[in-house]
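This report examines selected features of a model made up of several protein chains. Please consult the sequence and the structure shown here while reading.

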Amino acid sequence: MLRRTLNIGCIAAASLMLVSCASTPSASPSADEVVAGGIAVVALSDEPDTLDPTVANTFVARVVFTAFCEKLYDSNDSLELVPQLAASLPVTSADGLTVDIALREGILFNDGTPFNADAVKITLDRNLTLDTSSRKKELAALQSVEVVDENNIRLTLSRPFSPLGAQLADRAGAIMSPTALETLGLDFGTDPVCVGPFDFTDRVPGSEINFTKSDYYYDKDLVKLDGVTYKFITDPNIRAANLRSSDINVAERLNASDVDQLDADGVDVLDVSAIGYQGLTINTDPTMSSSPLASSVELRKAFELSIDRDALNTVVFAGQTTPDCVPLPKQMAFRPDDIQCTDFDSDAARALVEASGETLPIPVELLIPARPTDQKTAEVIQQMANDVGFDVTIKPVEFVSALDLGRAGDFDMFLIGWSGRMDPDGDMNDLLTTGGTNNYSQMADSEVDFLISEAASVTETDARQDLYGQALDRIDEIKPLIYLYHDTWFLGLADITGVEYSADAIPRFKTAELTK
Amino acid sequence: MSQKLITAKRKTVSSIPRPRWQRVVRRFARRPMAVTGLILVVGFVLFALLGPILLSDPNQQDFAAILQTPSLAHLLGTDDLGRDVFARIANGARVSLMAGVMSTALALIIGITIGLITGFYRGWVDVIVMRIVDVMLAFPFLIFAVGLAAILGASLTNVIIALAVSQVPEVIRIARGEAMAIREQEFVSGAVADGARDGTIMFRYIAPNAMGAFIVQATVAIPAAIIGEATLSFLGLGVQPPMSSWGIMLTSAQQYLAQAPYLALFPGIAIALTALGFNLLGDGLRDVLDPKETR
Amino acid sequence: MLQRVITSIVTLFLASIVVFVGVRLLPGDPALVLAGETADPAVVAAIREQFGLNQPIWIQYFNYVGQALQGNFGVSTRDRIPVAEILLQRLPITLELAGLAILVGVLIGLTAGIVSAVKRGSFADYAANAFGLIGLSVPHFWLGMLAILFFAINLQVLPASGYVAFTEDPGENLRRMILPALVLGTGLSAVLMRQTRAALLGQLSADYVRTARSKGVSRSREVKHALRNSLTTVVTVLGLQLGALIGGAIITEQIFVIPGFGKLIIDAVSARNYPVLQGAVLVAVTGYVLVNLAVDIAYAYLNPRMRLAGGAR
Amino acid sequence: MSVLEVEHLRVEFGTENGPVIAVKDVSFTLEKGEILSLVGESGCGKSTVAMSIPRLLGDSHVTLGGSVHLNGVDLSAYSEKRMQEVRGKEISVVFQEPMTSLNPAYTVGNQISEVLLQHEGLSRRAALARAVELLELVGIPDAQRRTAAFPHELSGGMRQRVMIAIAVACNPLVLIADEPTTALDVTIQAGVLDIFRRLRDNLGTSIVLITHDLGVVADIADRVAIMYAGRIVEMASTAEIFAAPTHPYTRGLLGALPSRAIMQANGRRRLTDIPGLVPSPSTDPDQCQFAPRCASASIECTAARPTAEPVAVGHTVSCYHPAVGAML
Amino acid sequence: MSEQPVLEVSNLVKHFQSGSRLGGGRTVVRAVDGVDLTIGRGEILGLVGESGSGKSTVGSCIARLTQPTSGTIRLLGRDISTLSRREMRPLRSEVHVVFQDPYSSLNPRMTVGQIVTEPLRQHHRGGRAERNRIVSDMLERTGLSLELVGRYPHELSGGQRQRVALARALVLGPSLVIADEPVSALDVSVQASILNVILDLQVELGFSCLFITHDLSVVEFISDRIAVMYLGKIVETATRAELFRDPQHPYTQALLSAAPMADPSSARGRERIILSGDLPSPTEEISGCPFHARCPVAIDRCRTEVPRLLGVTSPEHQSACHLVTAENGAPHIKQGDKNLVHNAS
């Protein structure tokens, strides 16, 4: 079962003409000579926010955390939990309300502070209590943290909550040095210290963050690089150009359209189907949206029928994304096997539109963040939908303002994605449940609410998969969202080998080596 | 001399103003650069007006013909969605010219009115207006326009407003300067001696005589506004798709710089040529309308 | 003179209000940005409180100004680094870029302007005029794109982007600054060229140049006479162009990924990083006002007739 | 030998609206220590004559014809380089506008020394010392201190004196003064004219004085050339011109002077005016250009151009109908 | 002067402020510093002075183009010195101005016809036909061909422009015309024709005129009475003949002696007085007689006490000089105690 899911992901990726299916670690095809030491320069697509795991929110910060801030758990290629700072997988009590975690022994933070149960408790308590903690909600089910002994902690939950492990494999499980926390407090992010292969050196706002190899790291023998520098280069073309000129060693999120050329130029490109999705969120509250889509499931269906996901993929993304109609990524173990998408059928769509009795064309205002790719996607969708009788007008708004409008429900349709989580709960709860903060579509369906909350409290994989399957079916009936695709991300490598790039699309440099 | 006058006796007059423009036109026609500028501007105006009628639909996507290099079927090639670049440039010409001309016109109307009033009355009105102008001028044009466009939201109207507002202080300064200079001329004192009202003086005496300066300012401001529109669009603060604007075309072209450089080339050339046209026209008009030379 | 200083201070004071209010008029809640994708309402509220965003705007303003006057511009909402520190880090970068651009602009613009005015009607004049007009008509960002296309992608002789601190590697720093400085300097040089030419032509036909000629001095001396009086115009233009230069720097830094002020401002806008945005724009505005004040002072030196009390423009 | 001989000078400007023949045919000589005045109304070409002698018209659209001899040497053959050696040293100029003719950015001393450095090979210090002497020569009190002054710190009269100091610095053979007092008040004008007179008397400088003011002419000139439409129509000694004007235009000019009218005040005050307008300078028809405005014009006048004929010793006139005797 | 004068000006003062309010260094330019004038009906008063004497400012104060600092201006008996612009407007039909520069005194964007009609429009005189008749008549009187009516100023010669300005000034039939250097910018032959026209029209229409000029020969030619100004003050006033026969004030004497004469024999025969120095800066406050610094015959009293304008020798001939006495008449500046400072000795 599990294997099969992974294979689907792999085949999907392989069919996209390119290189390796996410492999750990990547084998460099060229037989270049390895150089000892050196500093790897990594180009990120954006500037990370604060490097404080308690408050950090950006995806790129997660990338940077892997350099210096290990977590209790990590995820593998199937997005399953593997221990990192924990000694083994968490042990959940029968009622699901206590979780025991054994910790690695005898390891040190990068400032020499011993890593132990106290340190873990301090971090988790901070995540639970700090006003501005973005982790609070992720750990909502966690009631208290108890130090059992030097190397064991026990978590007490208010309700059974199976996504907890996944949360501890993310920023909520990143353990901070108590010494650093004590000195810096709120400003921990300005000079963060955790357990990790590299240690934070300095940060040049707007430009780069520098790390050097840690002397205290438990696996320091495996670490070959002298350091890592993360540079922020927002323009993918420039990331590509710099990669070509070997100004940088690694570039994340390259343009699909650049991949061929880069490959020809001798740059290795790794790709992974990202766990996030892109979709069209439809405002289903007729009091907020004047578009007939708000009140008509049939019209929403017609809209979905009008969209040729494969064409969209080919035209906008050079065939590099994974078209899909559910939020869960293909490599995820909990994803149901029997997903049946509503395929492109313009005749059926036109028939539905005409049957709706609305005056044609049917007006739809499509809110999009003003970014080139979104704009292009929107233009393609506009043409497809207009073809069957919709009148789509595009309203590009600068990203932050667009989120504001989305949150306020001030749109008919919103082209917005979700970065994805290891656990399906993170991809559905709050996004599709009544009153959820990110429930932009204003969906309120008690059945969906029930299925999603039930799935989170069940621990067994099969049962969860089944519940999520039911939820997705129900969601498909209501169509508050038209899921479009999962992004494929491309990681370019120049003169470097041994970079891990796995299912969560976060490159790791622990074992990387520069080549000549 | 006085003898000659007697022949015209008892004839009353009905004013027939002579076309003073004839001379200006003649002087203008003698400047090849200025004429080139005029041709470019008129060319682009016609292109903007007729292009969308004569050419194919600029928004028609053709997924079978993506990123095609220039050919007979698509003179300037196709873009990333298989749309005809030539048709889109024609469509973009409308946006560019509209943004350039409308924002400048708006700025001129507001700026001239305020500038004439402050330059004419001076005193505390002038002090306050000039302080505000100083503050506005202290903000670099682009920061001001970007800020305004971000606050107002992206749309052609808002771009026009943002560009207009950011031009206003310059126009006020010019109009005020003109008003203050012309006010000192004796014919204005003559008008006061005639018993003319302030409004009459401002709009019958001062404004027409400052027209040259305003026209020249317009030709300087229009290309700047066209580039401004392109820049705002480039930064994602411009018009809405599928309306094409040269700036937007350049933004998306940026992604294909290596594969399809012509995508970046043609809209840029269009911007540069239009701006060049207005600049040449402006230089020509400046020469022709320069009071030093008309004397 | 004193009055000029006072007006400058008033201008800056008013500008600070405009910046402050303007920043707050931007749609989009900065707390929401910080709270990230999940945006827990409690967290959003906590962030608002932490940065004082929940207070009435005038209180926020007075707190800000009070702190700013003591050199404290708050901390970046994004990474909690003090804004002053960020500004100090970024300022030299933009100053270097602007300085190089001014160098390019002045070298090309002044030379071309002088040559074309002195050799009026010659091929050099036409060439310089063509350059001036084209430089004026081409958008910065497009020029930047072309430069990247040509030098970085086609020829691969210069890096497309990126910044290396001068202290780190002076050679590399300059190598990376060449393209941006050229792109930014071209626009400036076009304006300078045209203004220098116009001013110099005006001065060359002035009576005192004829006087110089009647003394039997050489052509170069005549030009020197005229140039001395044209410099006031050139300096004024340079001062006024600073605004355009800052604007151009925004785009140029964006295109060439130079972590300077322009990029800081754009990034701060998209992150709704109020303290950084305020600080950066205010510093830019202050720079502009100060430079123009300096220009007025330079007048006194260049043009003995000028009394500062009258105030320029 | 005359110091300056101008023969058949012709100056044509190319303008946008076609050619302008500012000076059509002008010949005259200037003797050592003589003040010759070129008189005429605006547009008659008198200033153009003045500027074309040291070749100061400078524009590429100018065509010069005829010849200029300085002490017998033909200057028209000189290159621009050699002319530079002549200007300021052999021939120097005082311009009309004292306000704009000095460079506002340099001190007075600097501007005087410049010409000395150029032609006399003096050291900077010596040039400055000489500048002080020159300022004293033109009657500027406190000359030492004034050398450090900028032009804007001086009054119009002072500036014109500085201009004269520059012009006479190298003791030129010929000084051309183009309306040197027009921009000055009468009380100041008197002083400036006085300087010219003394330069002539003490240094023997030959002066071409361009003016439209017959009062100035009467005051200072030895000989007068009356210009009309690019030509000299009458030339005579100053006394002769005022006593026995012969050309109808000269008589018209004198008749238009209020001061002369008053002297003959008898009943109603009335001045002679010359009807009509100055002819367009773009053409040069073969006729008397004054004929259309002339009361005594005949068919002859429009048939061919009259040539300069002597009517008395040193008195020539270009007219078919010269008037004889004093004016009424 | 039994009938009411057209214009009575008493103690007119106009100070201009220059410099800034904040920056210090604020200076006052005393352009007009206590001027008294009277112009009778049909009289031409010549106001003569050198540049900076304040003569033009007097003219523009009287026409209320400038707001006087203090003093009273009575036009036809009515005090107009403090009227607002609005209150002044109806009175503008009684006083009009002809300016010096014929190039800038006419609106370049209006035709001759429009320019001359403009005052009629402003004062709502007559209908269209009536206005055209008045305008045609006025153009004719000033010697302008009616063909010029549709021309713009730049198509006219300087003399023609000045005639247009004259027509515009006279079209409402004002009682007073202020002519501010109306012929200074013109060539002599043109100047002659304009002076003739002014004299002719004055006889025909009977207006009074304040004729401002720096040219002594012009003022002598045209005026009935002459007032001489120096540094914001009137130093002497008399009838034309009297002033030229017996100039009393040392400044007047210097002025007359310096004025060029278009007659070589008398020009060279006369004794010349060349004043030392320039006009003092108008921003300086001068104690005593404004002329004392340049006056060859000044005594100590001149430095401390301001002389009043008095008719010492006759009430019609007033001068402001301490040295003018009833017994000895005027001083002779050539016989001053001081040696004449010849500037270039």
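## A pair of strands in chain E

In this predicted model, V98(E) has A179(E) as its bridge partner in strand 7 of chain E. The two strands concerned are strand 6 (residues 95-98) and strand 7 (residues 176-180) of chain E, which run parallel and are joined by four bridges.

Which residues of strand 6 point one way, and which the other way? V95(E) and V97(E) point one way, while H96(E) and V98(E) point the other way. Residues on both sides of strand 6 are buried: this holds for V95(E), H96(E), V97(E) and V98(E). V98(E) therefore counts as a residue with under 20% relative accessible area.

## The interface between chains E and D

Eight pairs of chains are in contact, and chains D and E share the most contacts among them. On the chain E side, 41 residues are in contact with 48 residues of chain D. Between them, chain E and chain D bury about 3,700 Å², of which 55% is on carbon and sulfur atoms. Three residues, V188(E), F221(E) and A262(E), supply 16% of the area that chain E buries against chain D, more than any other three residues.

Several helices of chain E contribute to the side that touches chain D. Helix 6 (188-205), helix 7 (216-222), helix 9 (250-258) and helix 10 (264-269) each supply at least two residues. The largest share, 10 residues, comes from helix 6 of chain E. By residue type, the side of chain E that touches chain D divides into 19 nonpolar, 11 polar and 11 charged residues.

Nor does any contact join chain A to chain E, for which the corresponding distance is 43 Å.

Within chain A, seven strands form an open sheet with mixed pairing, in the order 9-10-11-2-12-20-13. Strand 9 (198-204) and strand 13 (268-273) are the edge strands, since each pairs on one side only. How do strand 10 and strand 11 of chain A run, and how many bridges join them? Strand 10 (residues 208-213) and strand 11 (residues 227-232) run antiparallel and are joined by five bridges. In strand 11 of chain A, T229(A) is the bridge partner of N210(A).

Definitions and conventions. Residues are numbered from 1 along each chain as its sequence is written. Chains are lettered from A and ligands numbered from 1 in the order in which they are written. This is a predicted model: local features need pLDDT of at least 70, side-chain atom pairs count only at pLDDT 80 or more; totals for chains, interfaces and linings use all residues. Side-chain values use heavy atoms; hydrogens and water are left out. Contact means heavy atoms within 4.5 Å. Buried means under 20% relative accessible area, exposed over 50%, partly exposed in between (1.4 Å probe, protein chains only). Two strands pair if DSSP finds at least two bridges between them. Buried area is the accessible area (1.4 Å probe) that two parts lose on being put together, summed over both. Ala, Val, Leu, Ile, Met, Phe, Trp, Tyr, Cys and Pro count as nonpolar, Asp, Glu, Lys and Arg as charged, and the others, Gly among them, as polar.
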